[in-house]
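Me: I have a structure open and want to learn how to read it. Can you walk me through it, one feature at a time?

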Amino acid sequence: MRSDWMKRIVGIVAFGLLAAAAVWFAWPQPIPVDLMTVTKGPMEVTVDDDAKTQVRHVYTMSAPIAGKVLRISPPHHVGDQVAKDETVVAVMQPATPSFHDVRTHEELLAALGAAEAAVTFAEAEVKRLEAALGYSRTELERAEKLAKSGAISQGDLDKARFEVDTNEAALSSAKAQVEVRRNEQAMIQARLGQPADDVTQSDPACCIQLRAPVSGRILKIVQESGGMVQPGAPLVEIGDPLDLQVVADLLSTDAVQIRPGAPVRIDGWGGPTLQGKVTRVDPAGFLKVSALGIEEQRVHTEIDLVAPPETWSRLGHDYRVIVHVTSWRDDNVLNVPVAALFRKGDEWAVYLAKDGRARTTVVKIGHRNSRVAEVESGLSDGDRVVLHPSDRVGDGVAVRERNVQ
């Protein structure tokens, strides 16, 4: 009898243990989550974008006329120091004549023959007039002697003088015609000349020396090798690397939030974070196509470096940087991590961890950045919220803070 009771007691205890184990395994366990405490502190909203450095005043030297520019690099290279009105940056020579076709060549030969014949004719006319002038002078001398003895009238003497003056004027005109014909001949001979590189830099009268308009350094050599250029063709860019600024093309939706004087953090250039300030936001935007082919309205923005020059001396012209322009800042604002926010209808909400359970709490947020958002209502300082809530987390679900190793 006693053994029967013992068997019953053991069976009851075993059944109780199995039932307790089943209840323990079936009972929902608290979900491990990441928790973050809502606190007050400084918060700022920034506009982040790629930008580049730029020398404030870049002087582009251009070809003043059409001609041949001699090779620039070498002797000059990017980064060379230049002095205003002293350093010869480029040298230009006259353009060499171009080739002409056979027909044009034959026409020029015929014109040259006609010009040579005209020169010969003009020279013969000069000789004829020289002879006529000599004869008229002899006649004038004879008439003057006869006039002294009264053998001829005064009219005949005046006529002899007239003949001398007329022949002198005609001779001067003929000599001028000879010069005209010779110049025409030289012009046609020049047009017949073939391209030849017979102009050397050693002749200072043949070349144009382009000197640096300002003191600084060569930033870019557009025309490195020698060659023919047209008027206005860019040759060299010169500027002062110490007169550096940062330019960024910001989205128009971001640019409207920025005012001149706004502080800027500059990084992503390979050195320490630099401080700057906005000096200009253009009043007009422009269309720019992104790398993904999206058309965007951008606004040109200029930023001054306020950090000491020795901290950014390694920066140069057209270097890539990343700018963080402050559009709003508050030193004492209640903020919640953006990772804790999720949409509930048309409102924002968080899971508030309280008494070991998650409670859905609607919050009203103001400014926000990529990390935190300003809480206007719905939370208090010291509240604990769930970060990155999964689908398992819900209203009233038991939660526990995940152990961070």
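This is a predicted model: local features need pLDDT of at least 70, side-chain atom pairs count only at pLDDT 80 or more; totals for chains, interfaces and linings use all residues.

Me: What counts as a salt bridge?

Reply: A side-chain nitrogen of Lys or Arg must lie within 4 Å of a carboxyl oxygen of Asp or Glu. By this rule the count is 21 salt bridges.

Me: Where do Glu-179 and Arg-182 lie?

Reply: Helices (H or I, at least four residues) and strands (E, at least two) are DSSP runs, numbered from the N terminus. Both residues sit in helix α3, three residues apart, about one turn of the helix.

Me: Which salt bridge does Arg-182 form with Glu-123, and how far apart are the closest N and O atoms?

Reply: In that salt bridge, the closest N and O atoms are 2.8 Å apart. The pair links distant parts of the chain: Arg-182 is in helix α3 (residues 154-192) and Glu-123 in helix α2 (residues 102-149), 59 residues apart.

Me: Which parts does the pair of Arg-320 and Asp-50 tie together?

Reply: Their side chains form a salt bridge of 3.2 Å, N to O. Arg-320 lies in strand β15 (residues 320-337) and Asp-50 in strand β2 (residues 39-55), so the pair ties together parts 270 residues apart in sequence.

Me: Now the backbone. Which peptide bond is cis, with omega near -10°?

Reply: The one from Ser-73 to Pro-74. Pro-74 lies in the loop between β4 (67-69) and β5 (81-82). Another cis peptide bond joins Pro-74 and Pro-75, with omega about 15°.

Me: Which residue has a positive phi of about 60° although it is not a glycine?

Reply: Asp-85. Asp-85 is in the loop between β5 and β6 (88-93). With 52% relative accessibility, Asp-85 counts as exposed. Asp-318 is not a glycine either, and its phi is positive at about 65°. Asp-318 sits in the loop between β14 (295-305) and β15.

Methods
Residues are numbered from 1 along each chain as its sequence is written. Side-chain values use heavy atoms; hydrogens and water are left out. Buried means under 20% relative accessible area, exposed over 50%, partly exposed in between (1.4 Å probe, protein chains only).
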